[in-house]
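Some notes on the model follow, for you to check against the coordinates. Please read them with the structure open.

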Amino acid sequence: MSHLRFLPVLARSASALAILSAIGSATIAQAQESDDLGDEIIVTGVRASLDRSIDLKRNSSGVVDGISAEEIGKFPDTNLAESLQRITGVSIDRVNGEGSKVTVRGFGPGYNLVTLNGRTLPTASIASVGQDQDGDFVSGQTRSFDFNNIASDGVSRLEVYKTSRAAIPGGGIGAAINIVTRRPLDAPAGISGSIGAKAVYDASDTYDFDRVTPEVSGLVNWTNEAATFGIGLFASYQKRNNSAASESANDWNIETFEAFSDTGRGRVKSDGTTIFNNAPSADTLVAFPNDTRYHYSEFSRERINGQLTLQFAPSDALTVTADATFYQNEAEERRADQTTWYNRPFEEVTFDGNTEVATAIFLDDIITSPKDGGFENQYRATRDQLWSFGLNLDFDATDNLKFILDGHYSKADAEPNNPLGHTSTLFAFAHKGVADQQLTIVDGFPRQSITFDDSTNGNNNGILDISDLGTQVARSQTAYQSQEVAEIRLDGSWELGDDDRVNFGGSFRDASMDQSTVSTYNALGDWGVGAIGDIEANAANLVQEYCLVCQFKDFNPAATGVLTTSYRGDATELFRAFVNSPSINGTANNMVDEQIWAVYAEVDVNTELMGRPVNIVAGVRYESTDSESVSLQGVPQSINWAADNDFVTVLSADEQPVSGDNSYDHILPALDFSIDLTDDLKGRISYGRTIARPDFGSLFASANPGAPNRPTYLGGVPGGNAGNPQLVPLVSDNFDASLEWYFAPSSYVSVGFFDKRVKNFVGTGQSTINLFGLRDPSSGAAGTRSGQAAEYLQSGGYDLSDVNLFTLTALIDQMGFAAATAAFDANLGPNGLDQQFVDDTLAAYDVVANANDPLYEFQVQQPVNSEDAHIYGVELAGQYFLGSTGLGVAAAYTLVRGDIGYDITADPTSDQFALLGLSDTFNASLIYENYGISARLTYNWRDTFLSNNSRGSSRNPVFVDSYDQLDLNVSYDLTENIALSFEAINLTGSNTKTFARTENQPWFIVEGRPRYYAGARFRF
């Protein structure tokens, strides 16, 4: 797909080079102006924040970038992820218009380590709100940290370590990101702090929520005059309401045109009269959807953060810090759907002419009698919480020897939070008046068209109204994820003189993750809408008529007639009204426990090479990990042969534990070399080895055997899937080289190259193994009942069919061989077995495996460490301020490439490994800081990237379309203590889109709207 993006990438590359060139050309003028300035320039606000970030970059060993608060209680962005995306190599995922998770140098959220004040944070997330249909049945399996949970106002700075250090825990191949909060003894004596309030206005309309919501935060420090004791308190409350119109498809079917046009497969008319327009060649892949859906969602998010910090420094040699951190983020989405399912066969099909994968951009369905048009409603809600308690002792044992002892206990929970205690409640109802329907895709957006007829299944007034509605099914998903981390570490530093030192330390971390899900399914009128009128009879006051398609502003559904009428309601209230006893149809309960020991040592040497200052940091880290996975599952007792090609799995009555364990260790070297080539020019070279552990979901111990689709003797293949507790971490050897030119105050240009050679990527493996000692009653093996039946049928010249093999095997099981063959022969006519005899046998008997039957050989798919990959790229960054004018510009461009991409022309039955998250990024900011005004206009862009390499029955990719956004941030110091602010996020109302193999196959299209913040902050 990269060729589709060549011109935009080239254009943005040129823009980045032009900006950096302009920065460089201004150097002489800047230098001349600086010579004329006799007084020191005091910078504050945005520029002060950028200066601190430059200092961190310039003075760190290795490649380190950061973002600093502009002042106490004011971070540059309302969202930490939005700030991080301005750093080269960092890109973000957005959910509901807000930055959520980060990708660094092509490595997604699960491959980056996030710490809070150097402590490993637990993660828990149920990614339901703001997602497409997959969001309804998610479970917590991730290691990814969601930055949307943390309010930015309480953060002092963000540090992004792109090269490895021996002192940094393993777990981040992309980067280690450290969130640093304020410490009371860093503040002046007495009381200091800030209190701020904002009004948030979202430009999207809502039916049920206020459009203006509050944000309030405060940070207070008190330190005694002797600076020996201090207390810091931060608290924040933020609420946001908004809505979004969207479109999605449940699945995209991929097959060759030859298979699609086969008159015997149900896609097209059996008489061969289906009309094909712009038909591709026989072996070209074609795509057509199962359905298309329009959605209208209303969102509400409430975030609470708090931190209490106590510091005690009884002497210059000892500082004790105790802290407690809390966050809670509650998010909900009430969504209403308007769905068209495509019936098949098709009367007419038009393809888009794509020679790689041709998409059906027009479908005319054949409907023999009126069918359903759906209005499913969902209520998704989650609550994320984190509690963290820590204690830190900073002790100078001697003038040259220093120790830091740090310990913490932290717990993160993600839990369901809708009124029924579900993560997602789904209630489907529909009319049954679709007499004809078509699909047209215009510029990648599907348009539905139907002919309505309620004469048979409704009140026969020709109008879609509540009398035409009937229930279908009610479903729910209840998902939990919890992780606890108990960690202690000791770090030491021995000063050798001349700024040389030896750093050393060790740590132990015990991390335990628990995950569970419960699913329910209750058929009401069922998908065939068998109870038309029950909505009006039982829930007339719970549904609201409205126009869903009218909610779209940027996309045009071109809907007419009854498609402008839709229905919405609270899914939890509808569920209560119709479901008395939810029927459980699935459960999962998994635990993964990891114990990690580590020691490290490194030397930090400052010397000279050819008269120029050189810094060398060389170290090694050793990590040893013991892991255990335990799953509670209904253990299969047998897979019974119930009919000719029908097998039934029998589960144990109670859940039983299934477990697996693993142990591994790693030696992780790290080397950073930097040299000041001139007073303004710094060069760096780094090498390091890093690891990243697989997502928890891949480590689950549960295994699920799959029944064969016909007797194994006749070619049936038993499948299955399983987790793999034996997975080991990804291991990456990383090389970095960079050049940084600090040519003027608050100004620099840098260029860097990175190269990562990664082993042990997790792919999908297939192995032929037995599970749970299950035996195969249909094997046809000699000495078994099915073997006797197969031998008799073959020797007698009978048809060796599924029906014959099952019937005779079942009879042998019940009667013995002689009586069975006699009964079989007695019911055999010229055209085969008597059908009534067959039906009676199928109904009466199941064949249950016994000790003579061989073990099943399941073809089990499970995650395996099977793939290696090469990822490399270039980072360009620059910043320039024009003397004392206060006017500045900053820009960053990152190019990322990898050696394994997704082949959209691949067979849809094949599993593909492909690198996820790789994309180029660009951002640029225009900055002004003077006369009490602080302003920044920022543009961010991320190119198309792959987020999933196997979705749906055709193993389709999920590509995230390129996205750009323009933001504005302005503040004005009304007095020395009072500042007013205005922010505009997503000024141009950019939309998001995901798609399958081409852009004419949309998975999820969401309209975006700007949001505005107006506020004031009081500093004291």
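1. Start at Phe-346. Leaving aside residues up to four places away in sequence, Phe-346 touches Phe-260, Arg-267, Val-268, Lys-269, Thr-274, Phe-288, Leu-363, Asp-364, Asp-365 and Ile-366. Contact here means heavy atoms within 4.5 Å.

2. A word on provenance. This is a predicted model: local features need pLDDT of at least 70, side-chain atom pairs count only at pLDDT 80 or more, and totals for chains, interfaces and linings use all residues. Residues are numbered from 1 along each chain as its sequence is written, and side-chain values use heavy atoms, with hydrogens and water left out.

3. Phe-346 belongs to the largest nonpolar core, which has 36 residues. Trp-252, Phe-260, Val-349 and Phe-351 are, with Phe-346, the residues with the most contacts inside it. A nonpolar core is a set of buried Ala, Val, Leu, Ile, Met, Phe, Trp, Tyr and Cys residues joined through side-chain atoms within 4.5 Å. Buried means under 20% relative accessible area, exposed over 50%, partly exposed in between (1.4 Å probe, protein chains only).

4. Several elements each supply at least two residues of this core, including strand S11 (252-256), helix H5 (257-260) and strand S16 (346-351). Strand S17 gives the most, with five residues. Helices (H or I, at least four residues) and strands (E, at least two) are DSSP runs, numbered from the N terminus.

5. Next, helix H10 (residues 817-826). Ala-820, Thr-821, Ala-823 and Phe-824 are buried. Seen down the axis, the buried residues of H10 fall within an arc of 160°, so they line one face of the helix. The arc is that of the directions from the helix axis to the C-beta atoms. The face turned away from the buried side carries the exposed residues Ala-818 and Ala-826.

6. How do helix H8 (residues 785-795) and helix H9 (residues 802-815) pack, and at what angle? The angle is about 125°, with the axes 8 Å apart. Axes are lines fitted to C-alpha atoms, for helices over the stretch in contact, and angles run from 0 to 180 degrees between N-to-C directions. H8 and H9 are therefore oblique to each other (under 35 degrees is roughly parallel, over 145 roughly antiparallel, 65 to 115 roughly perpendicular, the rest oblique). On the H8 side, the contact includes Tyr-792 and Leu-793; on the H9 side, Leu-808 and Ile-812.

7. Last, Asp-943. Its place is in the loop between strand S40 (933-942) and strand S41 (945-951). Asp-943 counts as buried, at 7% relative accessibility.
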